[in-house]
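Biologist: I have a structure open and want to learn how to read its features. Can you take me through a few?

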Amino acid sequence: MRVFRILAVAGAVALLAAGCVSSKRAMRVSPLAKEVEVSFDQEAVNLWPFYFNAGGSGAILWPLADFDAQGFAVRPFYVQDGRERSVLFPLSAWNDRSGWALNGYWTERNFGMWPLFHHGPGGGYCLLGWRSPESWGVFPLARFGARGGYAGPVWWKSGENGARAYGVFPVWCHTPDFRMAGLFYRTLYGGNTESWGVFPLLHSSEEWNHIGPAWWKPENSSWGVFPLAWITPDFSLAGPVWWKPDNNSWGVFPLAWIVQDFGIAGPVWWDGDNSSWGIFPLLWLKPELSVAGPVWWELEAGKVKGGGLFPVLWLLRDFSLAGPVYWNRENGSTVSWGIFPLMFTSPQWGYCGPAWWSRDERGVDGWGAFPLLWVKRNFGLAGPVWWSSDGDGMKSGGLFPLAWLSRSFNLAGPVWWKPENGSWGVFPLAWLSRSFNLAGPVYWNRENGETVSGGLFPLAYLSKEWNYAGPVIWRYGDDRRSRAFGVLPLCWRYQDFRLVGPVWWEKSDWGVLPLFWKVGDENMLFPFYYYWHNGENFKFNLLGPVGGVKRRGGSRPGWDWHFLWPLLEKDGDSFGVWPLFSDNRRFGGGVLPSPLFSRREERRSSNGYTLPEKVYRYGGGSEAELDSVKYTVGMLLGSRSTAHVQVWKDEADRETLEKLPVLLREQPDGEKDAGAYETWKRKVAALLEKLRLEGPVPEDWKAQQALFQEMAHRFCTEQERVEGKALLGLLWDYSRQDGEFESRWLLGLIARDRGSENIRDLNVLGGLYRERSRDGLTEYSIFPFISRLEGPGRSRWSFCAGMFRHETDGGRSGGAVFFIPYGDL
């Protein structure tokens with residue numbers, strides 16, 4: 001009975017939680033909210049919660065049913081409280097102004113069914129179609145309105161003054177001020193052409209023009225060749241030489257710089273504006289400060305205010321120095337003084353001979369006799385002995401400067417060593433370790449006990465291959481082609497390549513950087529490119545993307561060409577009119593994919609065997625995808641692909657087949673751990689015997705490849721995999737392979753699946769309605785109120801998540817009322 005009471009209380013709580021209005025009403029129509037006096041002259045009865053009547057309001061089996069002057073409730077079926085009503089809350093509720101039922105809703109001026117449609121004075125939508133007071137469309141395909149719109153790549157726009165603009169994105173555009181067709185563009189002002197060009201090769205206007213790297217501005221007679229020359233009325237540049245005619249400035253970067261009265265020529269500088277000049281860093285003569293070797297002086301109003309003989313004499317207002325005696329003054333008073341290096345005193349610290357002291361707010365915080373004695377809070381020194389400590393005790397110490405002892409580093413005189421890696425040395429002359437050694441400026445590197453390289457830092461470096469001594473670089477070799485020699489950056493010789501200044505050549509190839517080169521049958525004199533080979537292969541280009549043709553020989557003979565790339569392009573069997581469409585039929589190449597409609601066909605070469613994708617990722621084998629064809633309609637609209645993949649046969653032992661390649665990758669090193677290696681061989685042999693694969697355990701990659709090929713031949717078969725998407729899968733997402741499929745609509749609000757073992761599943765609005773079938777049983781449900789299960793010899797229906805339930809199975813039957821069970825089930 002205790003279980004029945006718990007279920008009854010749980011049912012009451014569920015009914016009260018069925019809605020805010022319902023719960024407030026249930027509490028109001030009960031003895032919990034009012035004091036009830038029962039007398040013989042009043043019609044009042046209080047047998048709560050079975051029956052309750054308090055003159056105009058009451059309840060039967062509270063909180064299942066109640067009534068008062070504002071309405072009545074039979075929970076969870078119907079509730080009325082004033083103007084508020086609900087049926088099977090939260091599935092539906094409404095009043096005089098608004099309400100909802102399932103996913104439908106309404107207000108005084110709006111109504112809809114989320115997320116399918118919406119209607120209101122401010123606009124609305126139906127699936128992908130939408131409208132507003134000023135426009136309407138289908139997202140993201142089209143938009144139509146009084147001011148403009150678009151349909152796919154086509155767009156148009158109307159201005160306030162009647163001006164119109166339209167185009168096909170991104171290849172064509174027509175506006176009152178701008179025109180574009182492919183790479184060609186033109187700007188207008190007042191109906192007349194203001195500028196035009198072919199992006200990015202050519203531009204022409206009254207203000208500025210360019211063809212390739214050459215540019216000019218007619219309005220101020222400026223011109224140049226980027227980045228070599230820049231000629232304008234105000235500033236000009238030709239290589240390292242520059243000049244400015246307006247202020248008679250010129251120079252040769254970085255050696256000379258002459259700007260009006262100021263100039264630099266190597267170490268000599270001068271400034272005619274204030275009659276200053278000098279030779280850096282020896283001489284500096286200026287009206288305020290002058291330096292001539294060690295002598296310096298300062299002038300103020302033509303009078304000397306300070307001077308000295310560096311570093312012996314220094315006379316200023318705040319600081320003075322005369323030989324070893326020095327003093328500091330503030331506001332006319334001496335605040336510190338000393339005799340260098342014998343004595344110094346100040347409010348913060350001081351010393352006299354070897355004795356020193358320091359002060360803080362609490363007084364003297366340190367003292368000693370330098371260098372024999374030094375006593376501070378965390379550091380101590382007594383003669384050559386020193387120590388440091390922290391809160392846990394001493395952490396290092398030594399005999400300065402002869403010894404330093406710590407956990408990670410040790411020093412004894414100039415000798416040092418690090419126990420953790422066995423390195424040691426004699427500072428600063430030597431450094432000895434397993435791989436690197438240093439003796440003064442001489443260093444050398446060792447590998448496997450043999451010296452492989454060395455040098456005299458930073459002047460020279462010697463090794464078995466490359467060497468240098470200053471700017472001279474050379475390389476040894478057994479023959480002439482492997483040797484190299486050069487003096488950078490003036491000349492270089494390596495194999496058949498030579499460089500002298502900007503001129504280079506290699507056998508019959510040569511060039512002058514960066515304007516011209518000839519390599520084999522290829523020639524380039526900017527902006528033209530030309531190639532010819534044996535009358536079979538031929539290529540000619542003008543400024544790269546503008547236009548070109550190519551003839552191919554060999555295994556793929558034919559003609560390729562392009563014009564205003566990427567607008568028109570042909571590459572073998574591939575062809576494209578960008579951005580309208582593209583058809584690629586060559587793996588790893590072809591034409592530029594179209595953003596509107598693209599087709600791609602791929603055939604991936606195989607080494608004779610392919611294993612399923614999971615095994616390829618985690619164990620071994622080759623790629624799982626054999627060939628595929630993919631269609632794309634717009635970058636965002638939709639795509640469909642068909643591919644052939646390798647899968648295990650139905651009768652194959654999949655668990656063992658997927659475990660074997662992973663175990664092969666974990667092969668231990670037999671020389672380092674013979675026991676682990678023998679254990680690994682026994683495990684592999686057991687799996688091979690289980691799969692009935694003959695032969696020894698494969699111990700190298702070649703043998704493993706042969707094993708993978710045998711596994712693919714005996715245990716794998718091909719299947720077709722189809723995938724489709726609309727709006728990147730937001731509107732529709734579909735996949736199918738070997739009779740199994742998954743389909744999703746409207747962000748997954750509608751989902752349909754079919755799997756193995758006769759499994760079917762239909763899901764609407766995130767589980768609000770669901771239909772599932774498996775092994776002959778089918779279940780229908782409207783969450784959380786109604787569910788129905790039917791099948792051979794079995795049936796079940798349930799209401800309010802099992803509050804009311806009836807079930808039959810064979811000859812037995814049973815159920816529950818308010819979660820209180822009855823019958824055999």
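Biologist: Is Cys352 buried, exposed or partly exposed, and what is its relative accessible area?

Modeller: Buried means under 20% relative accessible area, exposed over 50%, and partly exposed in between (1.4 Å probe, protein chains only). Cys352 has 44%, so Cys352 is partly exposed. Cys173 has 12%, so Cys173 counts as buried. This is a predicted model: local features need pLDDT of at least 70, side-chain atom pairs count only at pLDDT 80 or more, and totals for chains, interfaces and linings use all residues. Residues are numbered from 1 along each chain as its sequence is written, and side-chain values use heavy atoms, with hydrogens and water left out.

Biologist: How many disulfides are there?

Modeller: A disulfide is a covalent bond between the sulfur atoms of two cysteines. The rule asks for a pair of cysteine sulfur atoms within 2.5 Å. The count here is 0.

Biologist: Where is Ser463 found?

Modeller: Strands are DSSP runs (E, at least two residues), numbered from the N terminus. Ser463 is in strand S60, residues 460-463. Its relative accessible area is 17%, so Ser463 is buried.

Biologist: Which residues does Ser463 touch?

Modeller: Contact means heavy atoms within 4.5 Å. Leaving out residues up to four places away in sequence, Ser463 touches Val452, Ser453 and Tyr476. A polar atom of the Ser463 side chain also lies 2.6 Å from the backbone oxygen of Trp466.

Biologist: And Val633: which strand holds that residue?

Modeller: Strand S78, residues 625-633. With a relative accessible area of 42%, Val633 is partly exposed.

Technical notes: Helix = DSSP H or I, 4+ residues; strand = E, 2+ residues; numbered from the N terminus. Polar contact = N/O pair within 3.5 Å; in protein donor to acceptor, adjacent residues only side chain to side chain.
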